[in-house]
Amino acid sequence: MKQVSYQVRGQVWAQVVDQVGYQVWNQAQIWDQVRDQVWVQVWAQVWDQGLDQVLDQVEDQVWEQTR
Amino acid sequence: MLDKLNDEQVKGIEVCRDKWIKVGLQTGPVDRDAAIVAANKAYKCAGLEPPREVVFCSSPLDMDKKIREISNNEHNFLSSYGFANCWSGWVAFIDYFHTYTDVKNLEAFEGLRDLSYNCGFVSFFDTHVFISERPEYIKMDDTGRTHCENGPAIRYADGFEVHIWHGVRVPKSWITDGPDIDQALHNSNLELRRVASEIIGWAKILDHYQAEVIDEDADPQIGTLLRVNIPEVGEEYFLKVLCGTGRTFAIPVPEQDDEGKRINTALAANAWTYGIKPWEYKPEVRT
């Protein structure tokens with residue numbers, strides 16, 4: 001059994017971001033507007049204000065119970 | 001080429017943001033049929049054969065167990081999870097362009113998008129994909145830190161749970177029974193020692209160690225200045241006060257004020273907590 005996380009997430013992510021970049025690259029304000037109001041705000045709500053801790057705490061607990 | 005957003009596209013920014021915040025914070029059972037379709041699509045989008053088996057797991061701990069079993073201990077949850085619904089910030093950005101604009105060739109992203117809707121943690125392997133359920137609930141304090149003072153802050157349906165006090169993971173017994181005062185104050189982890197003291201309450205700790213009264217003000221809202229010798233910590237000073245809600249609590253105070261003058265009255269200690277001089281302090285109600 002071989003891990004394929006990079007192919008499924010990392011590579012696909014890079015590919016679609018390239019596509020967006022290619023098609024809006026000369027209109028940086030669109031990229032910035034969507035980045036600031038969608039990506040950053042979702043990240044702030046979902047990640048910075050809680051789920052980073054959820055991940056850390058879940059990882060710690062799994063580590064403790066399985067070592 | 002996209003060179004300007006129209007009114008509908010601008011409105012879509014807010015809709016897209018709110019949708020993905022909801023997905024990222026979602027709890028409750030995954031839709032397993034939809035998750036299988038999404039996982040197969042994610043592999044196809046990556047140019048891979050679909051996994052032979054989709055293994056559903058009731059929690060991250062169960063996922064760890066199943067990954068170890070199937071991989072003969074070559075892999076585990078901590079070394080392998082590759083995606084989860086809480087990564088929705090990444091997904092939201094691409095979904096906006098995919099949904100609201102005619103930016104082309106974003107189909108490869110649909111698998112990850114659909115997995116976000118339909119999974120907790122995911123680990124991708126060539127022959128197997130492991131998908132964990134989401135938590136039954138995640139409890140947070142008003143600042144967004146994971147927290148619950150009378151039970152687990154995170155709980156999965158199979159009973160896997162995590163006890164957390166304002167963002168710091170603590171032993172289950174600290175929440176269910178309260179920390180043992182001696183054990184808590186001898187904990188080598190300073191942060192855990194602080195948390196234990198918060199859970200127990202300094203007022204109880206001071207009673208336990210029979211703190212010595214240095215000065216007791218007639219006004220209980222100004223309080224009592226105490227000195228206590230805590231084993232392995234040393235001599236500490238506390239102000240024990242009655243707050244406006246009728247609870248007694250204790251605040252650690254220094255031996256000297258910011259100008260190096262010894263704090264020897266409850267009034268001086270109380271004034272120090274507000275950053276003012278004793279003669280400037282006129283108590284109203286401390287809450």
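User: How much area do chain A and chain B bury between them?

Analyst: About 5600 Å², with 72% of it on carbon and sulfur atoms. Buried area is the accessible area (1.4 Å probe) that two parts lose on being put together, summed over both. In chain A, the residues that lose the most area to chain B are A:Met1, A:Arg9 and A:Gln23, together 14% of what that side buries. Before we go on: this is a predicted model, where local features need pLDDT of at least 70 and side-chain atom pairs count only at pLDDT 80 or more, while totals for chains, interfaces and linings use all residues. Residues are numbered from 1 along each chain as its sequence is written, chains are lettered from A and ligands numbered from 1 in the order written, and side-chain values use heavy atoms, with hydrogens and water left out.

User: How many residues of chain A are in contact with chain B, and what makes it a contact?

Analyst: Contact means heavy atoms within 4.5 Å. By that rule, 52 residues of chain A touch 73 residues of chain B.

User: Which element gives the largest share of chain A's side?

Analyst: That's H2(A), with 31 residues. Helices here are DSSP runs (H or I, at least four residues), as strands are (E, at least two), numbered from the N terminus.

User: What makes the largest pocket a pocket, and how much space lies in it?

Analyst: On a 1 Å grid over the protein atoms alone, a pocket is an open set of points where a 1.4 Å probe fits, with protein on both sides within 12 Å along at least five of seven lines. About 420 Å³ of space lies in the largest one; a volume is the space filled by probe spheres set on the points, which are joined across faces, edges and corners.

User: How many residues line the largest pocket?

Analyst: There are 14, with B:Glu198 and B:Arg247 among those nearest its centre. They count as lining because each has an atom within 4 Å of a point. H9(B) supplies the largest share, 4 residues.
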